[in-house]
Amino acid sequence: MMISSKKLTQLSVVCWVAVLFFQSVQSQLQVGFYRNSCRRAELIVRNAVRDGINKDRGVAAGLVRMHFHDCFVRGCEGSVLLDSTSSNTAEKESPANNNSLRGYEVVDDAKAKLEAECRGVVSCADILAFAARDSFDLTGGISYDVPAGRRDGTVSLAAETSDLPPPTFNVDQLTQNFAKKGLSQEEMVTLSGGHTIGRSHCTSFSNRLYSFNGTNSQDPSLDATYAASLKQKCPQASTDPNLVVPMDTITPTISDVNYYRDILANRGLFTSDQTLLSNTATASQVNSNSRSPLGWKRKFAAAMVKMGRVEVLTGNAGEIRANCRVINS
């Protein structure tokens with residue numbers, strides 16, 4: 001089929017406009033965004049994160065998780081930080097977030113110091129992106145450049161947290177869930193490695209111990225010794241909602257590849273962790289990550305940067321909150 005030179009020209013113009021549009025969306029976030037407007041912004045956030053981790057090592061996992069939970073609901077625009085009001089139940093009060101997210105006080109501390117130094121300049125959404133990076137780095141990961149320039153959203157609805165992948169998802173459901181946010185299956189496996197630090201409430205996985213399915217009360221993919229240990233920490237008769245266990249059996253406060261080694265040993269805590277071995281491609285990535293500590297850290301950094309661009313507000317959209325917990329009046 002012959003295409004006229006005129007149509008070719010029109011087609012090339014359309015393609016070029018599409019490329020320019022894509023680049024403009026990408027370039028709205030910039031590394032060093034606050035270089036001139038608030039020079040010490042990233043240092044102030046890092047110091048707040050370091051102080052928080054010194055008080056409680058678990059805060060690091062909370063901040064990484066919080067950034068993820070922010071980006072997957074309405075995009076990376078700080079809605080997860082907003083408190084509920086008399087007329088609205090916010091994201092942080094939903095079952096997916098309540099009792100599982102930690103580190104709000106670190107964001108508050110950073111914001112207060114930033115407002116004292118550069119009033120009305122640094123968004124809460126950017127503070128959270130910086131804090132997640134610093135949490136990964138300060139727990140044995142690596143540092144990486146975080147493009148900034150996000151602005152803060154003004155809506156936070158608990159009902160919208162259905163976009164978050166629950167711990168019961170299988171590999172196909174996880175792949176589809178991440179694809180909706182423009183993230184590949186490999187990036188899903190890479191970001192799942194965030195479970196290398198932190199803890200989980202027993203209620204998030206107790207079905208694997210006591211009520212797995214009609215045939216087995218216990219998930220047959222769980223290592224038997226590990227399952228017995230989990231049952232001791234999470235007794236079936238317990239009504240204590242605050243019982244927790246570490247996500248990573250070996251180094252729960254260090255960002256490393258022991259998460260993947262746990263999965264290979266059938267010690268993945270969630271269904272959504274162990275399911276990564278049920279698919280040829282994801283199992284191959286688990287194997288590869290388990291053997292390449294630095295390779296995984298670099299992939300994790302790149303995936304976090306990509307996730308940090310999901311549905312961001314920039315330019316004149318949204319606002320720069322004065323207090324990360326409430327919208328500006």
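User: What volume does the largest cavity have?
Analyst: About 50 Å³. This is a predicted model, in which local features need pLDDT of at least 70 and side-chain atom pairs count only at pLDDT 80 or more, while totals for chains, interfaces and linings use all residues. Residues are numbered from 1 along each chain as its sequence is written, and side-chain values use heavy atoms, with hydrogens and water left out.

User: What counts as a cavity here?
Analyst: On a 1 Å grid over the protein atoms alone, a cavity is a set of points where a 1.4 Å probe fits but cannot get out. A pocket is an open set with protein on both sides within 12 Å along at least five of seven lines, and lining residues have an atom within 4 Å of a point. Points are joined across faces, edges and corners, and the volume is the space filled by probe spheres set on them.

User: How many cavities of 30 Å³ or more are there?
Analyst: One cavity is counted at 30 Å³ or more. The lining of the largest cavity consists of H67, A129, Y144, V146, R150, M304, V305 and G308.

User: And the largest pocket, what is its volume?
Analyst: About 950 Å³. The largest pocket has 39 lining residues, and R65, H69, S100, H195 and F270 are the ones nearest its centre.

User: Which element gives the most to that lining?
Analyst: Helix α3, with six residues. At least two residues each come from α3, α6, α7, β1, α11 and α13 (293-307). Helices here are DSSP runs of H or I with at least four residues, strands are runs of E with at least two, and both are numbered from the N terminus.

User: Is H69 buried or exposed?
Analyst: Buried, because its relative accessibility is 6%; the cut-offs are under 20% relative accessible area for buried, over 50% for exposed, and partly exposed in between, with a 1.4 Å probe and protein chains only. Beyond four places in sequence, H69 contacts E91, A96, N97, L101 and L164, where contact means heavy atoms within 4.5 Å.

User: What does UniProt place at H195?
Analyst: The feature "binding site", again from an unreviewed entry. H195 is in the loop between α7 and β1 (199-201). Outside the four places on either side in sequence, H195 is in contact with M247, D248, Y259, F270 and D273.

User: Back to helices. Which residues of α6 are buried?
Analyst: In α6 (residues 171-179), they are V171, L174, T175, N177 and F178. These residues are on the same side of α6 because they cover an arc of only 165 degrees around the axis, the arc being that of the directions from the helix axis to the C-beta atoms.

User: What do those buried residues pack against?
Analyst: Against α3 (59-71), α7 (185-192), α11 (271-274) and α12 (280-291).

User: What caps the N-terminal end of α6?
Analyst: N170 does, with a side-chain oxygen 3.1 Å from the backbone nitrogen of D172. A polar contact is a pair of N or O atoms within 3.5 Å; within protein, one must be able to donate a hydrogen and the other to accept it, and residues adjacent in sequence count only if both atoms are side-chain atoms.

User: Which backbone oxygen lies 3.0 Å from the side chain of N177?
Analyst: The backbone oxygen of D163, which is 3.0 Å from a polar atom of the N177 side chain. N177 has a relative accessible area of 9% and touches F72, D163, L164, P165 and F169, leaving out residues up to four places away.

User: New topic. Where is L269?
Analyst: L269 is in the loop between α10 and α11, and is buried at a relative accessible area of 1%.

Terms used:
UniProt positions are given in the numbering used here, feature names are shortened, and annotations may be inferred rather than shown by experiment.
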